[in-house]
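Thanks, everyone, for making the time.

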Amino acid sequence: AASLAWACYGLAQKRLLREWNSSQLLWLLYVGGALLLTPLAHPSHLRLLHAPQAWALVFCCLNTLVAYGAYAEAIHLGEVARVSATVTVSPLFTSLASALTAGWLVPEIAPEIPNLLTVIGIGAVVCGSALCALAAAEHT
């Protein structure tokens, strides 16, 4: 489901970038997301965060702005297949970072140990990304 959602998002974004620039499109997505999610938010919970957790939240917010801005520009300037193949590798880095930092910022969270299915999934993502990148390279 996540793969299908990403594919649809990438194709829709490429189409919408014909009419709008990436800043306008991201503004629409951020404002729309904020309007949809605000009723579910509990801002009072922010006061319960410890300093490292608050800094991690600030980093994640800024990282989202920068990452999706870069992604929108990449989609605008490049081929959807090549950009999407590159982006699919980011969850691997997220999983690696989570494994390395679990228990450090939030001591209550134990690091996850990947099982066989996870390792197979990682292999499929890496192989799929490599095949997409190679196929896109052959067409240039």
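Confidence in this predicted model is lowest in helix α4, residues 80-87, where the mean pLDDT is 68, and it is highest in α2, with a mean of 87. For the protein as a whole the mean pLDDT is 79, and 86% of the residues reach 70 or more. Please keep in mind that where pLDDT is low, the predicted coordinates should not be read in detail.

As for the overall layout, the protein has six helices and zero strands, and buried residues make up 11% of its 140 residues. If we take the contacts with a separation of 6 or more, 73% of them are between residues 24 or more positions apart.

Let me now turn to α2, which runs over residues 22-37 and reaches 22 Å from its first C-alpha to its last, close to the 22 Å expected at 1.5 Å a residue. Within α2, S22, L25 and L26 are buried, and because they cover an arc of only 95 degrees around the axis, they lie on the same side of the helix. On the other side of α2 we find S23, W27 and L35, which are exposed. At the start of this helix, a side-chain oxygen of N21 comes to within 3.0 Å of the backbone nitrogen of S23.

Which residues form the largest nonpolar core? There are five, namely L17, L25, Y71, I75 and V83. Of these, V83 is in contact with Y71, A74 and I75, once its neighbours within four places in sequence are left aside.

Key: Residues are numbered from 1 along each chain as its sequence is written. This is a predicted model: local features need pLDDT of at least 70, side-chain atom pairs count only at pLDDT 80 or more; totals for chains, interfaces and linings use all residues. Side-chain values use heavy atoms; hydrogens and water are left out. A nonpolar core is a set of buried Ala, Val, Leu, Ile, Met, Phe, Trp, Tyr and Cys residues joined through side-chain atoms within 4.5 Å. Buried means under 20% relative accessible area, exposed over 50%, partly exposed in between (1.4 Å probe, protein chains only). Contact means heavy atoms within 4.5 Å. Helices (H or I, at least four residues) and strands (E, at least two) are DSSP runs, numbered from the N terminus. The expected span of a helix is 1.5 Å times one less than its number of residues. The arc is that of the directions from the helix axis to the C-beta atoms. A polar contact is a pair of N or O atoms within 3.5 Å; within protein, one must be able to donate a hydrogen and the other to accept it, and residues adjacent in sequence count only if both atoms are side-chain atoms. pLDDT is the predictor's confidence in each residue, from 0 to 100.
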